[in-house]
Amino acid sequence: MTLNARWQGLFEDTAPSGPSERPAAMTLAGTTAGDGGASGSGGTDLKADVGPWHQAGNASGELRVSTGTSLTDLERGNEGVAGGTAGFDSSAALTEILGTWKARLTSVRDECGRLEGALKSAGRDFGEREADTQRRIAAGAPAPSRTKEG
Amino acid sequence: MPTWQQLRDVKLSEYTDAADDWGRISSRSNADKDRVDNGMFARINDTQKGETADRASADVRQLSRNFQYLHTECGLIRTALNGLATELAAPQRKLKQALEEAESAGFTVLPDGRVQYPTRSFVLAPGSGTAEAGAPVPYAPGMGEGVGSADANKGRAEDIAERIAQAVREAAEIDGRYAAALRGLKAEPGLTVSDETLADAAKDTKAMQEAAGKYADDDKIPKGKSPQDNAEWWKSLTQEQRDEYATLYPASVGALDGLPSAVRDDANRMVLAETRAQTQLELNAIPKPPQQYLPNPSGSYPAVITNPAYREWQDKYGDRKPELERIKNGIDAVQGRFDATGKDGLPEAYLLGFDPRTNNGDGRIILANGNPDTADHTAVYVPGTGTEIGGIGGDLERANRLWTASTRQGADVSTIMWFDYDAPRSAYPTDKGDVFPEAARNEYAEKGAPTLHTFMEGTRAAHEAASGSSGHTTLIGHSYGSTLVGEATQAGRIFDGPIADDIVVAGSPGMQANRAADLGISGEHMWAMGAEGDNVPLGGSLVGLGEDWVVPTDPEFGGNVMKTDTHGHSDYWNEGTLSLNNQAKVIVGDYEGVILE
């Protein structure tokens, strides 16, 4: 999954977050609670406060599906109108606006997809930084084993 | 314009089927909006700060606005299509009756709508005639012809032709009206939902109220009825009708006491978003004030004169601009509360009332933390003197703190900030330049009392509908808000029962009663606070807002007097204080835990 380009720059500029910014309790709670079962993104690197970002990403994924369903509804619901209502200007008007809503729903669906990826990536990135910081601070403590996703 | 054949053949079910699908999209978008607000926004909000989160928040907020936009506009399209189908059914029926009659009489309806009939006469030669619409005798098609004609069929054919033409004319009017309304419901391209777009959505709603007024009539929305009646009405509707009323008349539905909080919230958020956009656009359109003074052109005394352009600007915008800014501040405060969901564990918010113009310009904002329909304990906080929409942020914050403090007691709580009355602006002599402070008069409370009483009834009705019981309720009045609470307890009918299970007042100048029992509750459910340095109770007793100069913190009043550790009139809701904690104990019904004076 590629990190959204728009946010990429932000991560590079963000100084590694110190422990004072995020209390250790949060990290530990996150480690145990985790959200590994939340979806199939499969990363074992989801630790600490990655959870909420990942969950927000999942929510966005659900919204992408939901908006896709709306697009299907839109097509199905209006397909009979033109044939069954010849001569009525309202049907012509409906056809005119139909395209604009298809375009809007498509934009919204795609945005949900983009956000899904971007939020999850952001969460993963935050998590990695967090883990790195933890390692540096508590040197010697066993670091959680994890694989970096490519 | 349809022909009579097209009107005969039109499958109106195609429109209602399409309406169902637009309705589904509208409802789904509404649910999706909640998922964005509570499932995405709140999560990001809760965890991260910094630029990344800000960017993400902006994107997520835009998504939320999109779902709001889809909810509104697709809902209106649904209503347009349903209205179209419903209204077209009448002329179609009329046409079909005319056609059947023509057929049974042995007439032929020609493609252009004229009616061919066989001659029926003793004097005329057998043959046929053709009747067309547009009778020589207006308003009596067929009559004149029938009576005066030697051909008995002529009048009847004329009548049929006229009815066919009428049906087609009616259908064309309906079609034209809805076609225009539908064309107004285009989506803007792209992903942005600008202020212009939202302001247009408000206009679209108005236009659809006009266009579909015959179909979805706002006269059917109960007005001035009891919350129980409102709840019954809502229950009597189909889900589709509910959705239609909520999208077509959001301001009316949002204000209806007794309806489910989630329904009111959706409707009021729609009004809020559109009002925010309209307010911002109007503010943007106001030019900068011109320079106030100009050098005197005659060069003599005085050295400067008032710029006529400035005076003109003042006349035009001098009052309006601060008013708009006030409204915008209030809306921003509410939006700020929406955005705070998830922060510090704050629950989702329900906007139960929003109207920036009512109450003599003070406005109306009612906002719940957590769903009051399902909470075990509901507290309603009523602010006091000087409250108006522009400064509502502080009162919203107090309700937040009440929620946090009482939730910490381990209970399921909803706290409501209720502001829906014309509040007196001045608290003491010389305040805001008033020689006699407005708060010394009880008329403000008298006017607001029935509104508060109805709201409390509605809270109970909605709770009963959702949870089967009324739940435990606490009514909290600050300052003049407590005077209003006192009036409200006496504004109901005698068989209504008490307005709330517990009443808490802070810095009360009097409650228009001299003992707790007059409020419909026993003394043990009356809780009063008067902090050190809070002069309002004394001031109130002097101007007589109590009865017989008694205020609730006096022993004669017969209620509990709670210990306070805050100072002055306005600190009762400071975090971590006994003053706040005592209120939380009452809210959750832990009376033993309250520390008394």
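A residue is counted as buried if 20 or more other C-beta atoms lie within 10 Å of its own, with C-beta atoms placed from the backbone. The views below show a predicted model.

View 1. Helix α15 (residues 480-489) of chain B is mostly covered, with 10 of its 10 residues buried. The buried residues are Y480(B), G481(B), S482(B), T483(B), L484(B), V485(B), G486(B), E487(B), A488(B) and T489(B). The elements that cover the buried residues of α15(B) include β8, α14 (443-467), β10 (472-478) and β11 (502-506) of chain B.

View 2. Strand β9 (residues 413-419) of chain B is largely enclosed by the rest of the structure, because 7 of its 7 residues are buried. Both faces of β9(B) are covered. On one side the buried residues are V413(B), T415(B), M417(B) and F419(B), and on the other they are S414(B), I416(B) and W418(B). β9(B) pairs with β7(B) in the antiparallel sense over 5 bridges, and M417(B) in β9(B) is the bridge partner of L367(B). Strand β8 (residues 377-382) of chain B runs parallel to β9(B), and 5 bridges join the two. M417(B) is also the bridge partner of Y381(B). From β8(B) the chain crosses through helix α13 (residues 393-407) of chain B to β9(B), in a right-handed β-α-β crossover.

**View 3. The buried face of helix α7 of chain B.** In helix α7 (residues 227-236) of chain B, the buried residues include P227(B), N230(B), A231(B) and W234(B). Seen down the axis of α7(B), the buried residues fall within an arc of 100°, so they line one face of the helix. An α-helix has 3.6 residues a turn, so residues three or four places apart point the same way. The buried residues of α7(B) pack against α8 (239-248) and α14 of chain B.

View 4. Strand β2 (residues 115-118) of chain B and β3(B) pair in the antiparallel sense over 4 bridges. Within this pairing, the bridge partner of Y117(B) in β3(B) is G129(B).

**View 5. The surroundings of Y178 of chain B.** Y178(B) lies in helix α5 (residues 152-183) of chain B. Y178(B) is buried, with 27 other C-beta atoms within 10 Å. Leaving out residues up to four places away in sequence, Y178(B) touches S90(A), A80(B), G83(B), L84(B) and A211(B). The C-alpha atoms of Y178(B) and I77(B) are separated by 9.8 Å, although these residues are 101 residues apart along the chain.

**View 6. The contact between chains A and B.** The contact takes 42 residues from chain A and 45 residues from chain B. On the side of chain A that touches chain B, the elements giving two or more residues are α1 (5-13), α3 (50-79), α4 (81-84) and α5 (89-137) of chain A. The largest share of this side comes from α5(A), with 16 residues. The residues of the side of chain A that touches chain B divide into 21 nonpolar, 14 polar and 7 charged.

**View 7. Two loop residues of chain B with positive phi.** Most residues other than glycine have a negative phi. D344(B) has a positive phi near 50° and lies in the loop between α12 (320-339) and β6 (349-355) of chain B. D344(B) is exposed, with 9 other C-beta atoms within 10 Å. N359(B) also has a positive phi, near 55°, and is found in the loop between β6 and β7 (364-369) of chain B. N359(B) counts as buried, because it has 21 C-beta neighbours inside 10 Å.

Methods: Residues numbered from 1 in each chain as written. Chains lettered and ligands numbered in written order. Predicted model: local features only at pLDDT ≥ 70, side-chain atom pairs only at ≥ 80, totals over all residues. Contact = placed C-beta atoms within 7 Å. Nonpolar A, V, L, I, M, F, W, Y, C, P; charged D, E, K, R; others polar. Buried ≥ 20, exposed ≤ 12 C-beta atoms within 10 Å, placed from the backbone. Pairing = 2+ DSSP bridges. Right-handed = clockwise from strand over helix to strand, strands pointing away. Arc of directions from axis to C-beta.
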